[in-house]
Structure formats: C-alpha cells, structure tokens
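Morning, everyone. I have one structure for you today, and I'll keep it short. Please have a look at it on the screen.

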Amino acid sequence: MKQTKDVGELQAIAKKIRRHIIEMIGAAKSGHPGGSLSAVEILVTLYYDAMRHDPSKPRWPHRDRFILSKGHAAPVLYAVLAECGYAPVDQLNTLRKLGSPYQGHPDRRFLPCLEASTGSLGQGLSLALGMGAAARLDNASWRTYVVLGDGECQEGQIWEAAMFGAFHRYDNVCCIVDYNKIQLDGFVRDIMGVEPFAEKWRAFGWHVIELDGHDIAALQRGFAEAASFKGKPSVIVAHTIKGKGVSFMENNPKFHGAAPTAAEMEIALKELQ
Ligand SMILES: Cc1ncc(C[n+]2csc(CCOP(=O)(O)OP(=O)(O)O)c2C)c(N)n1
Ligand SMILES: [Mg+2]
C-alpha cells in the first residue's frame, strides 16, 4: 500500500471507505452505519498516514497497533483493512454472514490481522494500555492507538484504565474518542452526559487534544502532537457527526444500528459520488 500525507488523496480514500460501509451494511441488511461513518477520517488518517505498518507483514513486531474498542463500528475497520491490503476487498459484502472474515464485530478467529477482538464496550483502553506496557518492557518504539465511543466512555472500566495509564505514564498510547454525541438510542447528553469531557481526561492525568474529527489536516497534527508528547498518554477528543457523509443519517440516532433500505442505499451512494 502507499501511504500519503496529501489531504486531497486522504479525502478521496475516505469517500471510498464510506461507500464500502453503505454497501456492506446494505448487503447485510443489518449493522451500524452511524458510528462507522463518524470514524472514517480517524481510521483513514491513521492507516494511510500516521501509523507505522506494512500490510505485507501483518505480524511485523515493530508495527503500530490499532484497536477499535467500539467494535460495532467494524465496517469502517474492515473497509480500511481491505483497502490497505490486509483482507479481501471482494468479500466485504459478506459482512455478518456465517463463515465470513467480516463478522458483526471484529473477531481475531476470523480475521487474524486484527490486534484484538472487540465489541463488548469498555475494554479497548485496557487492552491498549497493556500493549503500551508490553512495548515499554521490550524497549520497543511501536505505538498503540485505540478508538473509543463517547457512549462507551460511560463504562467504569474506561476510567479505571485512564487512571492506570496516567499513573504509569504510557505516552506510547494514543486514545481517540469518536465524540459524535449519540449512543445506542439517543443523544449522550440526554442519557448520561459525559461533559465536561476534556476536563475529565485532564483531571485523570492525560494530555488532551481536542479537534474536528473530520478535518484530516487537524488529525495529522493531532497524531503528531500525541507522538511527540512525553510523560503522559494522549487522548484526542475528536468532535464528529454520527452518520457523517449521508444527509439522512447525519445526527440521526435511528442510524446507530439500522441498515439502509435499498432505496436509501441508492440515495446514500449518490451523495457519496
Ligand atoms: C458492554 C456493552 N454493553 C452494551 C453494548 C451494546 N451497544 C452496542 S453500541 C452501543 C452504544 C455505543 O455508543 P457509542 O460508544 O457512542 O458508539 P458510537 O456512537 O460511536 O456508535 C451499545 C450500548 C455493548 N456492545 N457492550
Ligand atoms: Mg457515540
């Protein structure tokens, strides 16, 4: 694969990933479009620019690690892994089918290039910090990236892990929160608000970077800042729009876990041309 720093090229890749997401979930007739679409620029910027990795060597010991803690957004990860060359593009539309590498949630048994099986929310930050500990023990320079959902941050385990990460100064870990303001069936602010969110992370001892999670140039700067910041783990609070890129899915809690109909899929793909 070819990595790039060119924002225009990264935006074009992001659009292709969004089309895959719609087509995969449309074909499966189930899945989670909203939280997949909100995380597109985050994953594209990581895999196509910020992360050190090589799809021809998925078990390369010096690779950066990536964990999608909000595992229900698997379609965005599958589409990016496939486009990078880790997994077959022509099987993306077998999402959620028996025997497919692309199960409803990321599962290492079916897709060995994954670093972790996820989907039970709340666990990914703990996994990432364990990997940060492993890298430090090995005196290795690889970094670990983990993407959390904002609703997921209501889980107690996140804050136990946050405390652990800051105490041990795992500055080789970068957590990104996809702050799309919506959880399973409504707005986070109406269910159990997480504000003041950046202040909470700061109080837990993290270096906080707040940015627009659809602004690729801002993400590039954010990942660079996180990589150079020493003495604390970094968290990127990425403000995003759930369902980003498809007008009728944007900011609409209905599309957390609902597939588009055939007619909706046609409209969505037209918008993503
Ligand atoms: C431990 C656990 N509890 C409940 C669920 C069911 N669930 C799946 S997605 C979701 C909402 C997640 O919201 P958020 O973290 O904001 O994700 P996003 O908006 O990015 O889709 C819930 C409750 C789960 N997967 N794991
Ligand atoms: Mg959310």
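Let's start with N180. N180 is buried, with a relative accessible area of 3%. Keep in mind that this is a predicted model.

Now D150. Its relative accessible area is 2%, so D150 is buried as well; the cut-off for buried is under 20%.

What coordinates the magnesium ion (ligand 2)? D150 does, through OD.

Where do D150 and N180 sit? D150 is in the loop between strand 2 (144-149) and helix 6 (156-167). N180 is in the loop between strand 3 (173-179) and helix 7 (188-192). The pair therefore ties together parts that are 30 residues apart in sequence.

Next, the cores. The largest nonpolar core has 58 residues. Which of them touch the most other members? Y47, F66 and I176. Take Y47. Beyond its neighbours within four places in sequence, Y47 is in contact with M1, Q3, H53, F66, L77, V80, L81, C84 and Y86. There is also a second, separate core of 31 residues. Among them are L148, A161, W206 and V235.

Last, the largest pocket. It holds about 250 Å³ of space. The lining has 19 residues, and H72, L121, G151, E152 and Q183 are the closest to the pocket's centre. By type, the lining splits into 10 polar, 6 charged and 3 nonpolar residues.

How values were computed. Residues are numbered from 1 along each chain as its sequence is written. Chains are lettered from A and ligands numbered from 1 in the order in which they are written. This is a predicted model: local features need pLDDT of at least 70, side-chain atom pairs count only at pLDDT 80 or more; totals for chains, interfaces and linings use all residues. Side-chain values use heavy atoms; hydrogens and water are left out. A nonpolar core is a set of buried Ala, Val, Leu, Ile, Met, Phe, Trp, Tyr and Cys residues joined through side-chain atoms within 4.5 Å. Buried means under 20% relative accessible area, exposed over 50%, partly exposed in between (1.4 Å probe, protein chains only). Contact means heavy atoms within 4.5 Å. Donors are N, O and S atoms within 2.8 Å of the metal (3.2 Å for Na, K and Ca); water is not among the atoms, so sites may look incomplete. Helices (H or I, at least four residues) and strands (E, at least two) are DSSP runs, numbered from the N terminus. On a 1 Å grid over the protein atoms alone, a cavity is a set of points where a 1.4 Å probe fits but cannot get out, and a pocket is an open set with protein on both sides within 12 Å along at least five of seven lines; lining residues have an atom within 4 Å of a point. Grid points are joined across faces, edges and corners, and a volume is the space filled by probe spheres set on the points. Ala, Val, Leu, Ile, Met, Phe, Trp, Tyr, Cys and Pro count as nonpolar, Asp, Glu, Lys and Arg as charged, and the others, Gly among them, as polar.
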